[in-house]
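Here are some questions and answers for a reader new to this structure. Please look at the sequence and the model first.

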Amino acid sequence: MSIVKDKGTGSTDTVGPLGGAGDAGVEDPAEGSEAVEQPWLDELTPRQIVAELDKYIVGQDDAKKAVAIVLRNRWRRQRVDEELRDEIAPSNLILIGPTGVGKTEIARRLARLAGAPFVKVEASKFTEVGYVGRDVESMIRDLVDIAVNLVRADREDEVAEVAEARVEEKLLDLLLPPVAPVAHAAQDAGADASSVSSVFIAGPSGVAASDEGDEAGRTRRERTREKLRQLLRDGKLEEREIEVEIQQSASLDGMMVPMGGGDGMDFNFTEMLQDMLPKKTKRRTLSVGEARRVLVQDELDKLVDMDAVVNEALYRAEEMGIVFLDEIDKVAGQRGGGMGPDVSREGVQRDLLPIVEGSTVATKYGLVRTDHILFIAAGAFHVSKPSDLIPELQGRFPIRVELSTLNEKDFVRILREPRNALLTQYTALVETEGAAITFTDDGVAEVARIATELNDRMENIGARRLQTVMTTLLEEILFELPESGTDSVEIDAVFVRGRLEKVTSDEDLRRYIL
C-alpha cells in the first residue's frame, strides 16, 4: 500500500496526538508519560483545520466546521484525566447531501490531516448475519490492516538508510565475492595445499593474479571494491546480472484449505499455514536494480519489529481510527415495512449498532475495541430520510450536517482554486507533451455554465459533471496532441461552445456522452 504524507498540512504517520505506541491491553508507563508531541496539533485549531480543508474543498462551510470540531475533540480527549477519558465517546456524524458535493473528500482529507487510519466502506455492500455477503465487522478488520500498513511504512522509513547500506554491501559481495584465506588455513592444518583451490582477482594489467593474502593484494581488492561502490551509486551497474538467493514461502497449491468459514473464521488460516511450513530458498538471476529491490525488502523485514508494529497499529486503530460509512441511506428502509428488502436493511442496521456504540472485534492481529473509533456516515437520502434509520442507530450519530448543492459559481471555483483543481491537472498532462494550454476566464465560466445546465436537465451528479464535460471538451486536443507539435492552445468561451454545442443540444447524445 502506498502511504500519503502531506507535510504541507502537517500530516504525519506517527502516533502524534494520541501519545506513544501501545496496545489496548498493554500499557507502557514510560512511553505513556512522555507522549510524542507534534507541534502541528497544538497549532491547528478548528479554524485552521477548516483553512486546510479549504485548500482542496470548495464551499460546505458547515460540514468543514463540524468535522474540525470533531477532530479537535479527539485531541482534547487525550488531555483529559484518564479516569474520565474512557467515558468520552466520539461525536459520530452524518453528512447529508447529493452525490458530488464533497462528502467523501471531506472525510478523506480529514484523515490525512490527522495521520489516522482511514477506511471507506459502502454500507450497501453489507448483509445481515446469516446471509451471503460481507458482515459489518469486516470494516474494522480492514481498518486494522490499513493501520498495520501505515505503521509498518513509518517504521520502514526509519530504518531505510540502514537497510540500503546493508544491501549495498551485499551487492558488492555479489559483484566482487570476498576472498577467504583458505589456502593458508589448510596449510596450518597440515593439509595438502595443492588440493585447495586458489582464488584469483584481476590485476591492473588485466592478468589474473593470485591473492595470497598479502597487503598489496588486499589493497588492490579494496580499491576495486570502492570503484564498484561508486559505479553502483552512480547507477551504472543497474543492468548487470547477478545471482541472488531468495526465500520463498511454501506454496499451498494442492492442499485442502477449508473454505466458507466466513471473514471472522478463516481470515488468517492461510497465513498461519504458510508461517508453519518451512521456507525454501531459490537462486535467481536478476539485474542489479531488481536484486536491490528484493534485498531491500528482505532487510526491512529483518529490521522491523512486527510485534511492536502490531501493538502500535492496534492502538492507532482504536484511538485514531476513522470509518467512513458511505451510502448509509441505502440501508434505511421505510418504517413499518414488514417484508421484502426492508427486513434485510434493518438487519444490517442492527448489526451496525453494536460496532458503532462500542464492541470488541476479533482480527488476525488481536482484539480491537470500537468504543473510540470515529464513524462518519454519508448519504443522499433522496428516497429515505435519516429518521427512517432505527432509533438506536440514529442516537449513535448525534451530529447531522446537510451539504448544499453546488451552483455555477461553485463550479468556477472548483475548476480553479483547489490544489488539485481539474484545470491544473489537464495543464500538467498537456505539458508532458511539450505543449501548453491556457483557460480564459470566459472559457472557464462557460464550462461551469454548461455543467450546471446539464445537472439541472439530467441527473444531478454534482462536481463530477465537470469531469465529463472537460473530457468531452478536450477529447480531440488530447488525441491529436502528440502530432500537433508544441503549439499553445487557448480555451475560451467560443471554443467551448463550438465543441459542446452539438452535444448539449442533442438530447440523445447528451444522455450518453455527458
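Q: Is Asp-329 buried or exposed?
A: The model is predicted. Residues count as buried under 20% relative accessible area. Asp-329 has a relative accessible area of 8%, so the residue is buried.

Q: Which residue does Asp-329 meet in a salt bridge?
A: Side chains of opposite charge can pair when their charged atoms come close. For Asp-329 the N to O distance in the salt bridge is 3.3 Å. The partner is partly exposed, at a relative accessible area of 41%, and is Lys-330.

Q: How many residues apart are Glu-243 and Arg-283, which form a salt bridge?
A: The closest N and O atoms of Glu-243 and Arg-283 are 2.9 Å apart. Glu-243 lies in strand 5 and Arg-283 in strand 6, so the pair links distant parts of the chain, 40 residues apart.

Q: Where does helix 7 bend?
A: Helix 7 covers residues 138-175, and its end C-alpha atoms are 48 Å apart, short of the 56 Å that a straight helix would reach. The bend is about 55 degrees and is at Val-159.

Q: How many residues does the largest nonpolar core have?
A: In soluble globular proteins, nonpolar side chains tend to be buried together. Those with the most contacts inside the largest core here are Leu-95, Ile-376, Met-470 and Leu-474. The number of residues in this core is 59.

Q: What is the average pLDDT of the protein?
A: Over residues 1-41 the pLDDT is below 50. Of the residues, 73% score at least 70. The protein's average is 77.

Key. Residues are numbered from 1 along each chain as its sequence is written. This is a predicted model: local features need pLDDT of at least 70, side-chain atom pairs count only at pLDDT 80 or more; totals for chains, interfaces and linings use all residues. Side-chain values use heavy atoms; hydrogens and water are left out. A nonpolar core is a set of buried Ala, Val, Leu, Ile, Met, Phe, Trp, Tyr and Cys residues joined through side-chain atoms within 4.5 Å. Buried means under 20% relative accessible area, exposed over 50%, partly exposed in between (1.4 Å probe, protein chains only). pLDDT is the predictor's confidence in each residue, from 0 to 100. Contact means heavy atoms within 4.5 Å. Helices (H or I, at least four residues) and strands (E, at least two) are DSSP runs, numbered from the N terminus. The expected span of a helix is 1.5 Å times one less than its number of residues. The bend at a residue is the angle between axes fitted to the seven residues ending there and the seven starting there. A salt bridge is a side-chain nitrogen of Lys or Arg within 4 Å of a carboxyl oxygen of Asp or Glu.
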